[in-house]
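Have the viewer open as you read.

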Amino acid sequence: MKKETKTHEKLIASNKKAYFDYNLFDSYEAGICLLGTEIKSIRKGQINLKDSYIKITDNLEAYLINCHISPYEFGNIYNHDAKRDRKLLLNKKEILKILNKVKQEQYTIVPTKMFFSGRWAKLEIALAKGKKLYDKRESIKKKDIQRDIQRMR
């Protein structure tokens, strides 16, 4: 008999710029290696995913690059570097699958959101292709039309 588990997901940060700048395709959920003061800062919501991206190294490890987590205010000497590279926890099969798509189809790997799943911090990453300028204008136009419809109601 299967045991049903309830996972409570609490959204911490979302990368709205990724949704605007890229067409997102496949998404994956990855764990993330954090220090004690980093997780305390994340619990306070002091994280910015705006200019960050994912890099896969030669030895098949995924890293979150350029993500800003503010130093914890009570961390004193144990504080972390705000923009250090953080290792992502993915299965080797997932990493190989992502790497093949990146090499063959010229995808970019971007983080879309960070959330708590139970007590663990997770990162949702997506394979993406950059939008052209006219695609971005189309997105803005659709958003304006939706806003006008909501005002009319």
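This is a predicted model: local features need pLDDT of at least 70, side-chain atom pairs count only at pLDDT 80 or more; totals for chains, interfaces and linings use all residues.

As a reminder, strands of a sheet pair through backbone hydrogen bonds, either parallel or antiparallel.

Let's begin with strand 9. Strand 8 and strand 9 run antiparallel and are joined by nine bridges, with Phe115 standing opposite Lys122 of strand 9. These two strands also make a hairpin with two residues between them, where Gly118 has a positive phi near 70 degrees. Strand 2 (residues 22–32) is joined to strand 9 as well, again antiparallel, through eight bridges. Two pairs to look up here: Asn23 has Lys129 in strand 9 as its bridge partner, and Ala30 has Leu123 in strand 9.

Now for strand 4 and strand 5, which run antiparallel and share four bridges. Lys55 faces Tyr63 of strand 5 in this pairing. They form a hairpin too, with five residues between the strands, and Leu60 in the turn shows a positive phi of about 55 degrees. Strand 5 then pairs with strand 7 over three bridges in the antiparallel sense, and Leu64 stands opposite Arg86 of strand 7.

## Helices on the sheet

Back to strand 9 for a moment: eight bridges join strand 2 to this strand.

## Salt bridges

How many salt bridges are there? The count comes to nine, and a few of them are worth a look. Lys17 pairs with Asp51, with the closest N and O atoms 3.9 Å apart. This pair links distant parts of the chain, since Lys17 is in helix 1 (residues 16–21) and Asp51 in the loop between strand 3 (47–48) and strand 4, 34 residues apart. Both ends are partly exposed: Lys17 at 37% relative accessibility, Asp51 at 48%.

Asp26 and Lys101 form another salt bridge, with their closest N and O atoms 2.4 Å apart. Here strand 2 supplies Asp26 and helix 3 supplies Lys101, 75 residues apart. Asp26 is partly exposed at 30% relative accessibility, and so is Lys101, with 23%.

Is Glu38 buried or exposed? Glu38 is buried, with a relative accessible area of 0%. Its side chain meets that of Arg84 in a salt bridge (2.8 Å, N to O). Because Glu38 lies in helix 2 and Arg84 in the loop between strand 6 (68–69) and strand 7, the pair ties together parts that are 46 residues apart in sequence. Arg84 counts as partly exposed, at 24% relative accessibility.

## Lys131, buried without a salt bridge

The last stop is Lys131, in the loop between strand 9 (120–130) and helix 4 (133–152). Lys131 is buried yet has no salt bridge. What is the nearest side chain of opposite charge? That would be Asp135, 7.0 Å away, and a salt bridge is only counted within 4 Å.

What Lys131 does have is a side-chain polar contact with the side chain of Ser139, at 2.9 Å. Leaving aside neighbours within four places in sequence, Lys131 is in contact with Tyr19, Phe20, Asp21, Tyr22, Asn23, Lys136 and Ser139.

How values were computed
Residues are numbered from 1 along each chain as its sequence is written. Side-chain values use heavy atoms; hydrogens and water are left out. Buried means under 20% relative accessible area, exposed over 50%, partly exposed in between (1.4 Å probe, protein chains only). Lys and Arg count as positive and Asp and Glu as negative; His and the chain ends are not counted. A polar contact is a pair of N or O atoms within 3.5 Å; within protein, one must be able to donate a hydrogen and the other to accept it, and residues adjacent in sequence count only if both atoms are side-chain atoms. Contact means heavy atoms within 4.5 Å. Two strands pair if DSSP finds at least two bridges between them.
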